[in-house]
Amino acid sequence: MRKLILTFISILFIGSSFAQTKDVAGKAGPETVVVKHRLTDSVIERFNVLKTNRGIRQGLYQALYQKNYALASGYYDNDKRTGVWHFFDNRGHLVQNFDYRTNQITYEAPEDSTSNLQYFVDVKLNDTAKTTKPLKVGGRFFGYLPYLNLFKLPPELMNLNPNVSFGAVELLVSPLGRLASFKVHVYSGSYEKTFNMSIDVPDPADKIFVPATVNGEAVGCRVLIKCAFRNDGGLEFY
């Protein structure tokens with residue numbers, strides 16, 4: 001599987017080397033140039049922008065983890081995502097496909113006990129309850145990176161012992177599929193502190209989820225993401 005993913009990445013990079021995009025009909029599109037941007041210490045995004053307007057994304061987009069594993073791949077058309085996008089975890093496993101033509105998740109990989117995401121619904125469950133978790137476009141890794149990127153330890157906490165310290169991002173998703181609360185918990189031995197973050201996140205898309213359900217009815221759900229601290233005080237996935 002790993003060889004397959006790496007081959008897939010190589011093919012995408014070869015395709016992205018062309019300076020001219022093509023539309024769905026195969027006709028030559030506008031000239032583009034490749035831009036690289038570091039999302040985190042371990043994630044780099046690479047995408048094409050118009051040569052005449054570098055604020056407009058056009059053509060192939062990729063996000064790579066540690067330069068080896070694809071996290072996201074898809075296409076932009078006039079700065080809007082188009083077609084089917086593929087999202088992976090940090091081990092190169094496909095976790096989600098999203099079709100921007102129909103605005104639907106067409107595939108969501110099963111999640112097991114090794115996941116660093118946990119879900120807590122706001123209703124009492126019994127043994128016969130049928131539940132679904134909230135879903136975020138971008139999958140369980142790439143889709144949640146924006147929330148981790150919005151937090152850094154304040155200067156007075158930069159000396160926490162990394163051997164006994166970790167963070168937890170807590171998101172409350174409403175029954176309507178909206179971000180209702182955003183917190184970051186800091187734990188270090190017996191020390192604990194909670195930071196209330198603004199839900200007015202930079203990208204409005206990061207306020208929207210597919211809500212959790214219990215027996216077919218949408219319910220509120222808390223998503224808890226255990227994180228490690230980077231050397232600069234930022235958060236990264238365990």
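**A cavity and a buried serine**

Q: Which residues line the largest cavity in this predicted model?
A: Happy to start inside the protein. The largest cavity is lined by residues that include Q96, E108, L117 and Y119.

Q: What volume does the largest cavity have?
A: A search of the whole structure, with a threshold of 30 Å³ or more, turns up one cavity. Its volume is about 40 Å³.

Q: Is S42 buried or exposed?
A: Let's look at a loop next: S42 lies between β2 (28-38) and β3 (43-50). Its relative accessible area is 18%. Buried means under 20%, so S42 counts as buried.

Q: Which residues is S42 in contact with, leaving aside neighbours within four places in sequence?
A: A contact needs heavy atoms within 4.5 Å. With the sequence neighbours within four places set aside, the partners of S42 are L64, Y65 and Q66.

Q: What percentage of the residues of the chain count as buried?
A: Now for the whole chain, which has two helices and 17 strands. Its accessible surface comes to about 13,600 Å², with 52% belonging to carbon and sulfur atoms. Of its 238 residues, the share that counts as buried is 43%.

Definitions and conventions
Residues numbered from 1 in each chain as written. Predicted model: local features only at pLDDT ≥ 70, side-chain atom pairs only at ≥ 80, totals over all residues. Heavy atoms only, no water. Helix = DSSP H or I, 4+ residues; strand = E, 2+ residues; numbered from the N terminus. Buried < 20%, exposed > 50% of the residue type's maximum accessible area, 1.4 Å probe, protein only. Areas by Shrake-Rupley, 256 points an atom, 1.4 Å probe, with all protein chains shown as cover. 1 Å grid on protein atoms, 1.4 Å probe; cavity = no way out; pocket = protein on both sides within 12 Å on 5 of 7 lines; lining within 4 Å. Points joined across faces, edges and corners; volume = space filled by probe spheres on them.
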